[in-house]
Amino acid sequence: MANTDSASSAADIPSFRYRVSGMDCAKDAAQIERAAQSAGVAPDEVKVSAATHIMTLKAPEARLPEIEKAVETIGYGFDRIESDEDLQQSAAHQDPGYRRALWIVVILNVGYGVLEMIGGFIAGSQAVKADALDFIGDGAITFLGLLAIGWSLLWRARSALIQGIFLGLLGLGVFGTTIMRAFEPTTPDATLMGLLGLIALVINVISVLPLLRYRKGDANMRAVWLFSRNDAIGNAAVVIAAGLVVWLGSAWPDLIVAFGIAGLFLHSSWAIIRDARADLKAAA
């Protein structure tokens with residue numbers, strides 16, 4: 001009888017949805033879930049989708065302010081979704097100036113990603129190719145986000161699934177070629193490798209500049225800072241690997257960085273696909 005009452009009580013707890021701003025990958029989703037759990041939410045009562053950036057939370061409404069505060073302290077934007085119509089609205093993305101700024105980010109990321117990929121082949125550097133993949137991935141994420149403005153949750157989940165598959169295929173390509181190169185390691189052109197890494201850092205800074213004017217009025221700006229932070233770490237890793245290639249006279253620093261970047265990319269891709277499938281089932 002006690003178990004029946006407990007199950008009934010759990011079923012009576014209302015469910016709330018939030019649009020999360022500032023997410024970059026599955027690691028961020030897990031961090032947000034842990035923050036909610038630190039406020040007393042059970043693990044099975046909070047789910048953050050890496051595909052649609054929607055958090056589903058089961059908790060008494062009176063406890064929402066406490067939970068919201070716990071999540072906001074780790075730096076993510078967090079807007080409650082009152083209805084399906086509200087789910088499709090995003091004031092920031094409806095601002096023409098903000099949309100133009102995001103298009104600049106897409107062009108810079110995808111454009112330099114393609115150039116860096118070509119440079120990676122010329123330099124013979126797997127780490128540069130993996131870093132280029134990260135640029136292309138960020139550009140693709142922003143591009144699909146722009147296309148999906150105003151779409152229903154179902155179609156946003158579908159677009160995320162396509163995105164996850166596409167990025168996963170790119171990641172597998174880099175991972176596979178890096179494994180092949182490991183059997184016959186060839187020392188890359190460290191000078192070109194380091195130069196491309198430094199240019200990548202500059203491109204990341206330039207990508208942020210068009211969005212600076214929106215940093216206070218739009219919670220989505222947290223996403224830009226997180227993208228830039230993660231990209232800068234990858235860029236710095238490429239530059240450090242270039243220095244180690246010169247110092248050690250070996251291709252292994254290049255290969256190790258490539259494995260690391262490609263591995264993280266594949267993990268995020270799988271998380272997007274997994275969450276997109278779950279969102280598709282929920283939407284259906």
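Among contacts (heavy atoms within 4.5 Å) in the protein chain between residues at least 6 apart in sequence, 79% join residues at least 24 apart. This is a predicted model: local features need pLDDT of at least 70, side-chain atom pairs count only at pLDDT 80 or more, and totals for chains, interfaces and linings use all residues. Residues are numbered from 1 along each chain as its sequence is written, and side-chain values use heavy atoms, with hydrogens and water left out.

The protein chain holds 11 helices and 4 strands. These are DSSP runs, numbered from the N terminus: H or I over at least four residues for helices, E over at least two for strands. Of the 284 residues in the protein chain, 48% are buried. Buried means under 20% relative accessible area, exposed means over 50%, and partly exposed lies in between (1.4 Å probe, protein chains only). The protein chain exposes about 14000 Å², and carbon and sulfur atoms supply 65% of that area. Areas come from the Shrake-Rupley method with a 1.4 Å probe; for residues, only the protein chains shown count as cover.

Now the record. An unreviewed UniProt entry lists "transmembrane region" for residues 101-123, 135-154, 161-180, 192-212, 232-249 and 255-273. Positions follow the numbering used here, feature names are shortened, and annotations may be inferred rather than shown by experiment. In the model, residues 101-123 are 100% helix and 0% strand, with end C-alpha atoms 32 Å apart. Residues 255-273 are also 100% helix and 0% strand. Their end C-alpha atoms are 27 Å apart.

Turn to helix α9, residues 190-208. Its 19 residues should span 27 Å at 1.5 Å a residue, the expected span being 1.5 Å times one less than the number of residues. The end C-alpha atoms are 28 Å apart, which agrees. Asp189 caps the N-terminal end of α9, with a side-chain oxygen 3.2 Å from the backbone nitrogen of Thr191. Buried residues of α9 include Met193, Leu196, Ile203, Asn204 and Ser207.

Ile104 and Ser207 are 103 residues apart in sequence, yet 7.2 Å apart in space, C-alpha to C-alpha. Ile104 sits in helix α6 (residues 96-123). Ile104 is partly exposed, at 38% relative accessibility.

Last, charge pairing. Side chains of opposite charge can pair when their charged atoms come close. The whole structure has 1 salt bridge, meaning a side-chain nitrogen of Lys or Arg within 4 Å of a carboxyl oxygen of Asp or Glu. Glu66 and Arg63 form a salt bridge at 3.8 Å, N to O. Glu66 is partly exposed at 46% relative accessible area. Arg63 is partly exposed at 25%.

Notes
Polar contact = N/O pair within 3.5 Å; in protein donor to acceptor, adjacent residues only side chain to side chain.
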